[in-house]
Amino acid sequence: MKFASYLKDGQPTFGVVVGDGLVTLGNKLPHVPTLRAAIEAGALAQLGEAAVDAQPDIALAEAVFLPVIPNPSKTLCVGANYRDHAAEAGKTEKPWPGYFIRVDDTIVGHGQPLEAPVVSEAFDFEGELALVIGRPARHIAESEALAYVAGYTCFMDGSVRDYQKRCISAGKNFQASGASGPFLVTADEIPDPAQLTLTTYLNGDQVQHSSIAMMIHSVPKTIAYLSTIIQLRPGDVIATGTPAGVGHGREPPLWMRRGDRITVEISGVGRLSNPVA
């Protein structure tokens, strides 16, 4: 099943994809107004199955999408997690995943404009697979990690490279510099995320292409490792890193600018596309 977060009558809600539309599910169950709340309640399957024969109340083409989880307790992003990208960035492979934190105001939904920074021209793209945690996870084994995933989504980790040199958090947390969505595809439809393929397009031109299997640290290893550091909660988002082809690794550098469109496509997950404003 595919779920999405979006606005309806100006209010945030969520629904399940049925055909070319969305069946709104917010508040169909008591105290379940958001996708995060549905995940916390363990109600995704129940809600989705109940809507299978329902008529969509909003067309996908007309939806105003929010980030796939608009209000996670945290968004954790893994850096330099593909060998080819680590090489182009001049980074040494480490035996553990390195990560940073993104705050909510930095992430927009599918179709919503990214903000080109006023103070920098070095606005770079990073297409990524992200996962959403489905149940509390703390000190879990790598062999059990995928059982804690609610689903997968596309992620664009926009990076302001000159500010990133000053401080990773600064370069990764410019207002509306990243995006997630449009869909959360439930984990039962993706038994092995390593079989997926990621492609990024800038203005329709392919700039990144890789198998998820090329990660240095796999999805299960990343989840297990992060769970040893911090309590992972339902609705938490983990972005798993980007492959080679980013703008700062090119000569001359290839930056996103006003008027551009950046698109991240992952097989079996969806296509996240945003204009740069």
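In which helix is the place of Ile39? The points below take up this residue and then other parts of the structure.

1. Basis of the note. This is a predicted model, in which local features need pLDDT of at least 70 and side-chain atom pairs count only at pLDDT 80 or more, while totals for chains, interfaces and linings use all residues. Residues are numbered from 1 along each chain as its sequence is written, and side-chain values use heavy atoms, with hydrogens and water left out.

2. Ile39. The place of Ile39 is in helix H1, residues 35-40; helices (H or I, at least four residues) and strands (E, at least two) are DSSP runs, numbered from the N terminus. With a relative accessible area of 4%, Ile39 is buried, where buried means under 20% relative accessible area, exposed over 50%, and partly exposed in between (1.4 Å probe, protein chains only). Leaving aside residues up to four places away in sequence, Ile39 touches Leu44, Ile69, Val132, Ile133, Gly134, Ala150, Leu184, Pro234 and Gly235; contact means heavy atoms within 4.5 Å. The C-alpha atoms of Ile39 and Ser5 are separated by 13 Å, and the two residues are 34 residues apart along the chain.

3. Nonpolar cores. In soluble globular proteins, nonpolar side chains tend to be buried together. A nonpolar core is here a set of buried Ala, Val, Leu, Ile, Met, Phe, Trp, Tyr and Cys residues joined through side-chain atoms within 4.5 Å. The largest core has 52 residues, of which Met156, Ile223 and Val269 touch the most other members. Two or more residues of this core come from each of strand E1 (2-8), strand E10 (127-133), strand E11 (149-156), strand E13 (178-186), strand E14 (197-202), helix H6 (219-229) and strand E17 (261-266). Apart from this core lies another, of 27 residues, among them Val18, Val23, Ala37 and Phe100. Beyond residues up to four places away in sequence, the contacts of Met156 include Leu114, Phe125, Met256, Ile262, Val264 and Leu272.

4. The cavity. A search of the whole structure finds 1 cavity of 30 Å³ or more. On a 1 Å grid over the protein atoms alone, a cavity is a set of points where a 1.4 Å probe fits but cannot get out, and a pocket is an open set with protein on both sides within 12 Å along at least five of seven lines; lining residues have an atom within 4 Å of a point. The largest cavity holds about 70 Å³ of space; grid points are joined across faces, edges and corners, and a volume is the space filled by probe spheres set on the points. Among the residues that line the largest cavity are Pro67, Ile69, Asp104, Phe155 and Val237. By class, this lining has 8 nonpolar, 2 polar and 1 charged residues; Ala, Val, Leu, Ile, Met, Phe, Trp, Tyr, Cys and Pro count as nonpolar, Asp, Glu, Lys and Arg as charged, and the others, Gly among them, as polar. Phe155 lies in strand E11 and is buried, at 1% relative accessibility.

5. The largest pocket. The volume of the largest pocket is about 670 Å³. It is lined by 32 residues, and the closest to its centre are Gly79, Ala80, Lys91, Gln164 and Ile168. H4 gives the most to this lining, with 4 residues. The lining divides into 12 nonpolar, 10 polar and 10 charged residues.

6. Cys77 is buried, at 0% relative accessibility. Cys154 is in no disulfide either, and at 1% relative accessibility Cys154 is also buried.

7. Backbone details. The peptide bond from Gly181 to Pro182 is cis, with omega near -5°, and Pro182 lies in strand E13. A cis peptide bond also runs from Glu251 to Pro252, with omega near 0°; Pro252 lies in the loop between strand E16 (237-239) and E17. Asn27, although not a glycine, has a positive phi of about 70°, and at 54% relative accessibility Asn27 is exposed. Phi of Asn203 is positive too, near 55°, and Asn203 is partly exposed, at 42% relative accessibility.

Methods: A disulfide is a pair of cysteine sulfur atoms within 2.5 Å.
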